[in-house]
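Here is a short briefing to read alongside the sequence and the 3D view.

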Amino acid sequence: MTEPAALRIDDLHKSFGNHEVIKGVSMEAMKGDVIAILGASGSGKSTFLRCINLLETPNSGDVYLAGEKIRMKKNRHGESVPEDIKQVERMRARLAMVFQGFNLWSHMTVMENVLEGPVYVQKTPKAEAREKARALLDKVGLSDRADYYPAHLSGGQQQRVAIARALAMDPDVMLFDEPTSALDPELVGEVLSVMRDLADEGRTMLVVTHEMSFARDVSSRTVFLHQGEICEQGPPAKLFSNPETEQFRAFLSRMN
Amino acid sequence: METVLSYIPLDIGLIAQNFDRFLYGVWITLNLTVLSLIIGGMMAVPLAVARAARHPVFNPLVWTYTYVFRGTPLLVQTYLIYYGLGQFDLVRESWLWDPILSSAWWCALIAFTLNTAAYTTELLCGAIVDTPKGEVEAAIATGHSYRARMRRIILPSAFRRAIPAYSNEVIFMLHGSVVASTITLQDILGVGRWLNGRYYLAYEGFITAALLYFLIVFTITRVFRWIERRYLRHLTGRESADVAEMTPEPVR
């Protein structure tokens, strides 16, 4: 028996009101895959990512994490809802997310932000978690900022803390939702280089991004979403040098 | 010293003579204010959480309660409890009557507590609702349950952001506590009124009362500045290391 995919999404649909944003997207990430998800704004790429950890509830479709399906049911209004919220919470802890707006907890120091998940969700002993948090902050180059509050850091530093916070959970899969889009151009590099290191370590990552160079150089597979559907996908070398669809060609020429 | 005092058109001797009464007045004022703030504050937390969650049953109930208590004067609320309830035989004959509802102190405490709980509920509810959406999402994405989110992220953040507004509520409650003097209690103002009634010297009693209230408010604002400096550091920008003084000067 082969090992199940780290993450599998089957035929995901999501509508807001009458507007269908995701029109049946399927995707599979094996352990160590780095999947870059590209698309124009409004293509549904962020919504897709947020459906995976149920920040948005998909209307239909299944999400499997290492073969375990997130169980959904219909409520009395016919809407899709989680069958067992405890299971969803357990799954979310294995699916760390890095947000466009960092979303660090502003009343906590950098160290407290990184400790929160391991200590209060995974119940790791504090001393052990603290030691690991130090190592992670060191890895993202912020060991000297452990006692700072997020508001006292630059955007790039905040995003690196957010990455350390995500790593602290030892996630099976990391979801990045446009991690560099809110950063000043000169701060993008420091965040991308941390993400490159993670890819090199063999982390499984889904990265919604506008950074073409990251998709081209780092991803093992690039997926182009257009109007809620996968329009084109494949290894980045092939995709970027030889785009097959008119939509992806137009998208690439707009980005360059 | 003697000569300086003789220029002040106040009977300092009389104030000094009755100063122990004033000190006892300070004690009554403070114990009513502090107790009602503590009990009212503890009531406000679950009420605010229920209201912020838009709970289908509790939210309208809590809304009605806060609307009524914030929409009527504290004096009227106190009269209704102290004079109003005694009108009913049922109340007078119940076990609540003898130790509690027949006592002015208890009635004042109940009225003040219900009043401050209503204000604090709304204040806290506002702070809970204003919690940055992204921070709540980050907690959800980390795997926090609703309870853990509330306890670890939303409430600690909301409490801190509510501090400046709450300091105003504390001062308001202290000032509001003068209502106690109208139902026979010898709080600070009560002693001032007693002095006026007994010696026909309005200034002596009321100036002393005003000074004592002022001193207490001064202490409260100092304490809140210290609390803000300690707990609101995270809200200040990178450039300003010092906390801007957020406690408003008392206005009411």
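In this predicted model, 22 residues of chain B are in contact with 21 residues of chain A, where contact means that C-beta atoms, placed from the backbone, lie within 7 Å. The predictor gives the complex an ipTM of 0.94 and a pTM of 0.88. Residues are numbered from 1 along each chain as its sequence is written, while chains are lettered from A and ligands numbered from 1 in the order in which they are written. Because the model is predicted, local features need pLDDT of at least 70 and side-chain atom pairs count only at pLDDT 80 or more, whereas totals for chains, interfaces and linings use all residues.

**The side of chain B that touches chain A**

- Two helices, α9 (133-142) and α10 (146-176) of chain B, each supply at least two residues of the side that touches chain A; helices (H or I, at least four residues) and strands (E, at least two) are DSSP runs, numbered from the N terminus.
- The element that gives the most to this side is α9(B), with 7 residues.
- By class, this side of chain B has 7 nonpolar, 9 polar and 6 charged residues. Here Ala, Val, Leu, Ile, Met, Phe, Trp, Tyr, Cys and Pro count as nonpolar, Asp, Glu, Lys and Arg as charged, and the others, Gly among them, as polar.

**Chain B as a whole**

- Chain B has 12 helices and 0 strands.
- Its C-alpha atoms fill a box of roughly 70 × 60 × 25 Å, taken along the principal axes.
- Of the 252 residues in chain B, 35% are buried. A residue is buried if 20 or more other C-beta atoms lie within 10 Å of its own, exposed if 12 or fewer, and partly exposed in between, with C-beta atoms placed from the backbone.
- Taking the contacts in chain B between residues at least 6 apart in sequence, 72% join residues at least 24 apart.
- The mean pLDDT (the predictor's confidence in each residue, from 0 to 100) of chain B is 89, and 92% of its residues reach 70 or more.
- Over residues 239-248 of chain B the pLDDT is below 50, and this stretch has 18 contacts in the model beyond near neighbours in sequence.

**Helix α11 of chain B**

- Helix α11 (residues 188-199) of chain B has 12 residues and reaches 17 Å from its first C-alpha to its last. That is close to the 16 Å expected at 1.5 Å a residue, the expected span being 1.5 Å times one less than the number of residues.
- Which residues of α11(B) are buried? They are B:I188, B:L189, B:G190, B:V191, B:G192 and B:L195.
- The cover over these buried residues includes α3 (19-52) and α12 (202-231) of chain B.
- Just after α11(B), B:Y200 takes a positive phi of about 60 degrees.

**The six-stranded sheet of chain A**

- An open sheet of 6 strands runs in the order β8-β9-β10-β3-β11-β12 (chain A), with mixed pairing; two strands pair if DSSP finds at least two bridges between them.
- At the edges stand β8 and β12 (229-234) of chain A, each with a single partner strand, so one side of each is left without a neighbour in the sheet.
- The twist averages 20 degrees from one strand to the next. For such angles, axes are lines fitted to C-alpha atoms, for helices over the stretch in contact, and angles run from 0 to 180 degrees between N-to-C directions.
- Helix α5 (residues 155-167) of chain A packs on the sheet, touching β8 and β9 of chain A, and its direction makes about 175 degrees with that of β8(A).
- Strand β3 (residues 34-38) and strand β10 (residues 205-208) of chain A run parallel, joined by 4 bridges, and A:I37 stands opposite A:V208 in β10(A).

**Strand β8 and A:L95**

- β8(A) pairs with strand β9 (residues 173-177) of chain A in the parallel sense over 4 bridges; the bridge partner of A:A96 in β9(A) is A:M174.
- Both faces of β8(A) are covered, with A:L95 and A:M97 buried on one side and A:A96 and A:V98 buried on the other.
- A:L95 lies in β8 (residues 95-98) of chain A and is buried, with 25 other C-beta atoms within 10 Å.
- Leaving aside neighbours within four places in sequence, A:L95 is in contact with A:I52, A:N53, A:L65, A:P171, A:V173 and A:L175.

**The four-stranded sheet of chain A**

- Another open sheet has 4 strands in the order β2-β1-β4-β5 (chain A), with antiparallel pairing.
- Strand β4 (residues 60-65) of chain A is joined to β5(A) by 2 bridges, and A:L65 stands opposite A:E68 in β5(A).

Key: Two residues are in contact if their C-beta atoms, placed from the backbone, lie within 7 Å.
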